Amino acid sequence: MAVPSSIKFAISAGILATSLIALAQPPSSFMRGATQSPSQVNLADLSGVGIDQKLDHQIPLDLTFKDETGKTVQLGNYFKSGRPVILNLVYYTCPMLCGEELAGEASALGVLRFSPGKEYEAISVSFNPDETPKDAAEKKKIYIDRMNEHLEPKTSGDGWHFLTGNEPEIRKLADATGFHYHRDPRTGQFIHAAAIMIVTPQGKIAQYYYGVEFSPKDVRLGLIEASRNKIGNLVDQVVLYCYHYDPNTGRYGAIITNIMRLAGAATVLVLGGFLVVMYRREKHGSQKGTGQA
């Protein structure tokens, strides 16, 4: 389906804005010696930066990374459970944007009524090859604590994995997910956009959600849809029937025809139930009157 030019412009403008936000902050700790101001960025710096939606594209599950404990892991390890996966690419020493994205993700996951490691897995992968498992562990603690502010029951964080890796593996994953970024040689910071992805248990990209704040309803429906309705309840299935994921906006929108169908069916059921009750009352009253006579 062709994407209207107005939608393309809006997405490009959003990517430009988030990229500028990422750069217009003080340098991260590993680049404090940089002499170039991070705010000095021009349009040429943004060339090639953005996110291309690669829906139904298979991500390479044989890539190896290190988790927050320093253990070497294969990406496919987190897809063997048959659960859907929330995936995003960030870097842990990012001065602002990635922290906002992870905070938004943690807030959404905290109110999902799903638990990481039980109904789904979450994976955050650093695209900065200079970062270490120590950086990952520090960030994991922050955002697990944030998620647990509202999550019941609390989670130990076993289901949300914070990974670091080498440049070749990072690039392969970024290319597979359509995540385009580059490092500013003047500051050492990364110019990038922000999004999370929902991936099926088989490793195929199902949905993208842009930005740094995520609707818990959208994320919940995305997980249910990616899992092929193996999680969730009857109410979730009804809501999923009434809402449809729009890849142009990265959100769920109401399908008015389905809503009208459900409303019509509900009306018929209510009226039918009312008529049955009234008929039984009338019949009971008639029999009672006959007996008294």
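Modeller: A salt bridge is a side-chain nitrogen of Lys or Arg within 4 Å of a carboxyl oxygen of Asp or Glu. This is a predicted model, in which local features need pLDDT of at least 70 and side-chain atom pairs count only at pLDDT 80 or more, while totals for chains, interfaces and linings use all residues. Residues are numbered from 1 along each chain as its sequence is written, and side-chain values use heavy atoms, with hydrogens and water left out.

Biologist: What makes Glu 152 and Lys 154 a salt bridge?

Modeller: The closest N and O atoms of Glu 152 and Lys 154 are 3.2 Å apart, which falls within the limit just given, and therefore the pair counts as a salt bridge. The structure holds seven salt bridges.

Biologist: Is Glu 152 called buried or exposed, and why?

Modeller: Buried means under 20% relative accessible area, exposed means over 50%, and partly exposed is what lies in between, computed with a 1.4 Å probe on protein chains only. Glu 152 has 57% relative accessibility and therefore counts as exposed, whereas Lys 154, at 45%, falls in between and is therefore partly exposed.

Biologist: What can be said in the same way of Asp 130 and Arg 183?

Modeller: Their side chains meet in a salt bridge at 3.0 Å, N to O. This pair, too, links distant parts of the chain, since Asp 130 is in the loop between E5 and helix H3 (133–147) and Arg 183 in strand E8 (residues 182–183), 53 residues apart. Asp 130, at 48% relative accessibility, counts as partly exposed, and Arg 183, at 29%, counts as partly exposed as well.

Biologist: Why is the pair of Phe 127 and Phe 179 called tilted?

Modeller: Rings of Phe, Tyr and Trp (its six-membered ring) pair if their centres lie within 6.5 Å, and planes under 30 degrees apart count as stacked, over 60 as edge-to-face and the rest as tilted. The structure holds nine aromatic pairs. In the pair of Phe 127 and Phe 179, the centres are 5.3 Å apart and the planes make 45°, an angle that is neither stacked nor edge-to-face, and therefore the pair is tilted. Phe 127 lies in the loop between E5 and H3 and Phe 179 in strand E7 (residues 179–180), so the pair ties together parts that are 52 residues apart in sequence. Phe 127, at 0% relative accessibility, counts as buried, and Phe 179, at 3%, is buried too.

Biologist: Which residues form one aromatic cluster with Phe 127 and Phe 179?

Modeller: The cluster also takes in Tyr 91, Tyr 181 and Phe 190.

Biologist: How do you know that H2 and H3 are in contact, and which residues make the contact?

Modeller: Contact means heavy atoms within 4.5 Å. On the side of H2 (residues 97–110), Gly 99, Leu 102, Ala 103, Ala 106, Ser 107, Leu 109 and Gly 110 take part, and on the side of H3, Tyr 143, Arg 146 and Met 147.

Biologist: What makes Leu 163 buried, and which residues is Leu 163 in contact with?

Modeller: Leu 163, in strand E6 (residues 160–163), has 0% relative accessibility and therefore counts as buried. Leaving aside its neighbours within four places in sequence, Leu 163 is in contact with residues including Phe 65, Val 73, Tyr 92 and Ile 123. The C-alpha atoms of Leu 163 and Ile 123, 40 residues apart along the chain, are separated by 7.4 Å.

Terms used. Helix = DSSP H or I, 4+ residues; strand = E, 2+ residues; numbered from the N terminus. Axes fitted to C-alpha atoms, helices over the stretch in contact; angles between N-to-C directions.
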